[in-house]
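Please look over the model before reading on.

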Amino acid sequence: MDIPWWRDAVVYEIYVRSFADASGDGVGDLAGVRERLPYLRGLGVDAIWLTPFYRSPMADGGYDVADYRDVDPLFGTLGDFEALVADAHEHDLRVIVDIVPNHSSSEHPWFQAALRGEGRDRYIFRDTVNNWQSTFGGPAWTRTPDGQYYLHLFAPGQPDFNWRNPEVHAEFLDVLRFWLDRGVDGFRIDVAMGLYKAEGLPDVGDQSFKSVSPVWGQPEVHNVYRDWRRVLDAYPGERMAVGEVWTDSPEDLALYLRPDELHQSFNFAWLQAPWSPTAFKKVIDDTVSTVPFATWVLSNHDVVRHRTRYGTADPGTGLARARAALLAMLALPGSAYLYQGEELGLPEVTDLPDEARQDPVFFQSKGKLPGRDGCRVPIPWTVDPPSHGFSPGGAEPWLPQPESFAELSVEKQEGVADSTLEFYRRALACRRELVRSIPYTLEWLKSPEGALFFARGPLICAINCGTRPVRLPKHEEVLLSSAPLRRGLLPPDTAVWLRSASTAPSAEE
Ligand code: GLC
């Protein structure tokens, strides 16, 4: 069987404005990403996912798109994008771009026309409102000067499209082709379960992300992805789509992954699981038994970084667990999504001053929620302030970096054997060697209390989530461990990869 590239790919998420700034204005850009391609190649990932870099007034960090076919001057030009794709391919890295179909920016020409009374049916305008709330806080409706209201499930600057209007379908098919023609290898689909709202827009009791509700997951959405799949399949080179799909069951998630729909969807259940072998095992079982092509993710630009999630009380524990969780994740069948900076062990920055915050979640919740800026602080490349090598020429980065970033910088960790960066490099290199020669299935091994052992052919992964050291399963060789083993035992908050004694590596059918 031909294995598609994305099945086992390790994809690295680049939150463009926080990755690397080449222009010197304190904001990351496409040229900055391009300069760092050798770093990414050296890290050992297979693909990059770029968060939105399209023209945008930045009401939600670029997830408010004013022109789907152009690059915002903040991030560069279309020429910079083309050069980045060409260079990435030279480095053997695939490029996935974000597509935002649920809503546009309020600055989008269609919405501007709608405000003037032209083509309102491309959005959701009503004379009266229902009880829906914005995901970021406050009502999901904003009144326009002529008295009608428009729906925005996110910020007021992000009006929701009306997907019951065929013009919206045609527009997005064309946008997909625009970027496919420029060589992108795939799309990450923002709020992929949004798009359709129930006819009549009934009031709801609970508006959290649900598999199917009047707000999310209306069944018509599947036809959109069937159309998109046909477009992707018509291009050479295995172009793919990964959906940001929030559901409350793995079965509902699997509906998006039927053979004529999306290739992949994020598996948020893994990211939401607490530090517990039972919780991990349940998510893994649910996933591999329901989803044809699994994905795994620990952090992204919307959630608290996993180092901090796993160790709020003790940052050391958080880092040890984060490293162990990486080994577990990379040993699972499927593809893994990394978030920039996790390879440095960056924590969530929890003490950003209010004046620095930019996330609409902070403002719409009237400061009750800190928002997502803490995981978006620019990457420290070098030890020295003011920007730790993020920006050239002494510019201050768009979000302040804490002093602790100096110690976590790439410069500080490069070549240091037990650094998190070098650990990620070893893990990714080892996985690359193994991944195509081991079965795409997983077998549970008998595990001591607090630990979880599983095997994929000759590869055994053991993770200890408990409080006491545990004996390792029978093995021939230790391939890699997230922290030193102690007298042959696996310490708490540690994971290890072993080569089993009995089985020789077997090629997959
Ligand atoms: C997705 C994005 C998030 C954004 C939201 C609205 O959840 O990941 O960053 O705020 O959609 O576009």
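How many nonpolar, polar and charged residues are in the lining of the largest pocket?

## Largest pocket

In this predicted model, the lining of the largest pocket comprises 14 nonpolar, eight polar and ten charged residues. The volume of this largest pocket is about 690 Å³. It is lined by 32 residues, and those closest to its centre are F136, D302, V303, V361 and R372.

## Second largest pocket

The second largest pocket has about 360 Å³ of volume. Its lining consists of 20 residues, with T247, D248, S249, P250 and A269 closest to the centre. By class, eleven of the lining residues are nonpolar, six are polar and three are charged.

Helices α7, α8 (268–272) and α9 (277–290) each contribute at least two residues to the lining of the second largest pocket. The most comes from α9, which supplies six residues.

## Helix α6

Helix α6 (residues 221–233) has 13 residues, which should span 18 Å at 1.5 Å a residue; its end C-alpha atoms are 19 Å apart, so the two values agree.

Buried residues of α6 are V221, H222, V224, Y225, W228, R229, V231 and L232. An α-helix has 3.6 residues a turn, so residues three or four places apart point the same way. The cover over the buried residues of α6 includes strands β5 (94–99), β9 (186–189) and β10 (240–243), along with helices α5 (166–181) and α7 (250–255).

## Annotated domain

UniProt, in an unreviewed entry, lists residues 13–376 as "domain: Glycosyl hydrolase family 13 catalytic". This span is 31% helix and 12% strand, and its end C-alpha atoms lie 12 Å apart.

Definitions and conventions: Residues are numbered from 1 along each chain as its sequence is written. This is a predicted model: local features need pLDDT of at least 70, side-chain atom pairs count only at pLDDT 80 or more; totals for chains, interfaces and linings use all residues. Side-chain values use heavy atoms; hydrogens and water are left out. UniProt positions are given in the numbering used here, feature names are shortened, and annotations may be inferred rather than shown by experiment. Helices (H or I, at least four residues) and strands (E, at least two) are DSSP runs, numbered from the N terminus. The expected span of a helix is 1.5 Å times one less than its number of residues. Buried means under 20% relative accessible area, exposed over 50%, partly exposed in between (1.4 Å probe, protein chains only). Contact means heavy atoms within 4.5 Å. On a 1 Å grid over the protein atoms alone, a cavity is a set of points where a 1.4 Å probe fits but cannot get out, and a pocket is an open set with protein on both sides within 12 Å along at least five of seven lines; lining residues have an atom within 4 Å of a point. Grid points are joined across faces, edges and corners, and a volume is the space filled by probe spheres set on the points. Ala, Val, Leu, Ile, Met, Phe, Trp, Tyr, Cys and Pro count as nonpolar, Asp, Glu, Lys and Arg as charged, and the others, Gly among them, as polar.
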